[in-house]
Amino acid sequence: WKQEYTPTWFGMFLSSGERLAAVDAMTKVWTGRWPTNRCPRVEALTSSLAGQTGKPGQPASATARVTDPEGDELRYDWLVASESTDHGVGGEAEAAAPTHPDLIRQQNAPECLFTTPFVTGPYRLFLTVRDGQGNAATANFPFRVAP
């Protein structure tokens, strides 16, 4: 796990320890077999705000389509974060961007209802999906808030 532009960009694990799909792939390469329980997969993350500009304090939504190879029950965690401004070079440590959990109005569902931040600037909506078996998947999209 490493914070680099986003906390999910390069890692094989989440900071909380759950395995990501790269661990499944490495297991297959090293052993010739997939793990017994594989990571969920975010097939799609959609929102009319993805890559767009919204007004401050406006309602917004996003929807995820997620599959799990074993059909495990999934937990959905959504989070709005400011866009990272601490960009290191050559593997230097980077500080995590500020998060805004109070903006999420609907949690633990494939659909997220949230409010855009009241302060203008660049942000991301993050999704982390956990299968309860030590596996996870992530996705995110950037958006901007402007008057």
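This is a predicted model: local features need pLDDT of at least 70, side-chain atom pairs count only at pLDDT 80 or more; totals for chains, interfaces and linings use all residues.
1. Which residue forms a salt bridge with R130 in which the closest N and O atoms are 2.8 Å apart? The partner is E18, where a salt bridge is taken as a side-chain nitrogen of Lys or Arg within 4 Å of a carboxyl oxygen of Asp or Glu.

2. Residues are numbered from 1 along each chain as its sequence is written, and side-chain values use heavy atoms, with hydrogens and water left out.

3. R130 also forms a salt bridge with D77, the closest N and O atoms being 2.6 Å apart; because R130 lies in strand β6 and D77 in strand β4, this pair ties together parts that are 53 residues apart in sequence. Salt bridges that share partners join E18, R75, D77 and R130 into one network.

4. As for accessibility (buried means under 20% relative accessible area, exposed over 50%, partly exposed in between, with a 1.4 Å probe and protein chains only), R130 is partly exposed at 22%, whereas E18 is buried at 16% and D77 is buried at 17%.

5. Strands β4 and β6 run antiparallel and are joined by eight bridges, with D77 standing opposite T128 in β6. Strands here are DSSP runs of E of at least two residues, numbered from the N terminus, and two strands pair if DSSP finds at least two bridges between them.

Technical notes:
Helices (H or I, at least four residues) and strands (E, at least two) are DSSP runs, numbered from the N terminus.
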